Amino acid sequence: MSNPQQLRYSKEHEWLSAADEDGVSTIGITEFAANALGDVVYVQLPDLGSTVTAGETCGELESTKSVSDLYSPVSGEVTEINEDVVNDPALVNSAPFEGGWLFKVRVTGEPEELLSADAYTAFAEN
């Protein structure tokens, strides 16, 4: 399992990019989560313009194995959703850190407990 060093991670297995100049970060699920889910067949994402809260449910991912809640690692306003993933949920499995990203948020609040790549790898392996 390879976790990109430039990202931060939640204990719910979501990743978060550094904010761009507009304060917008990209969110997705980790390779570990994608593998644990199995083949993702349906993705429900938060509505464009809605507000998400760090640590709270904002959508769900359905796989051939189960349905799992999607949690937001930060608080803020949803500025974009990945329509490619909605139309082709398998992208979550094939490219969780690239084309399989889920949504973008203009961050207004970030919890302190986000993990570095190394800390997340250690967490996920236990």
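This is a predicted model: local features need pLDDT of at least 70, side-chain atom pairs count only at pLDDT 80 or more; totals for chains, interfaces and linings use all residues.
Q: Where is K65 found, and which residues does K65 touch, leaving aside residues up to four places away in sequence?
A: K65 is found in the loop between β6 (57-63) and β7 (67-71), and K65 touches N35, A36, L37 and G38 when residues up to four places away in sequence are not counted. An unreviewed UniProt entry lists K65 for "modified residue: N6-lipoyllysine", an annotation that may be inferred rather than shown by experiment.

Q: Why are β4 and β7 said to stand at the edges of their sheet?
A: Three strands form an open sheet in the order β4-β6-β7, with antiparallel pairing. In this sheet β4 (40-44) and β7 each have a single partner strand, so one side of each is left without a neighbour, and both stand at the edges. From one strand to the next the twist averages 25°.

Q: How do you know that β4 and β6 pair?
A: Two strands pair if there are at least two bridges between them, and β4 and β6 are joined in the antiparallel sense over four bridges, with V40 standing opposite S63 in β6.

Q: What makes the pair of Y9 and Y120 stacked?
A: The structure holds three aromatic pairs. In the pair of Y9 and Y120 the ring centres are 5.0 Å apart, within the limit of 6.5 Å, and the planes stand at 15°, which is under 30 degrees, so the pair is stacked. Y9 lies in strand β1 and Y120 in helix α4 (residues 117-125), so the pair ties together parts that are 111 residues apart in sequence. Both Y9 and Y120 are buried.

Q: Why are W15 and F97 called buried?
A: Buried means under 20% relative accessible area; W15 has 3% and is therefore buried, and F97, at 15% relative accessibility, also counts as buried.

Q: Why is H13 called buried, and where does H13 lie?
A: The relative accessible area of H13 is 18%, which is under 20%, so H13 is buried. H13 lies in the loop between β1 (8-9) and β2 (14-16).

Notes: Residues are numbered from 1 along each chain as its sequence is written. Side-chain values use heavy atoms; hydrogens and water are left out. Helices (H or I, at least four residues) and strands (E, at least two) are DSSP runs, numbered from the N terminus. Contact means heavy atoms within 4.5 Å. Buried means under 20% relative accessible area, exposed over 50%, partly exposed in between (1.4 Å probe, protein chains only). Axes are lines fitted to C-alpha atoms, for helices over the stretch in contact, and angles run from 0 to 180 degrees between N-to-C directions. Rings of Phe, Tyr and Trp (its six-membered ring) pair if their centres lie within 6.5 Å; planes under 30 degrees apart count as stacked, over 60 as edge-to-face and the rest as tilted.
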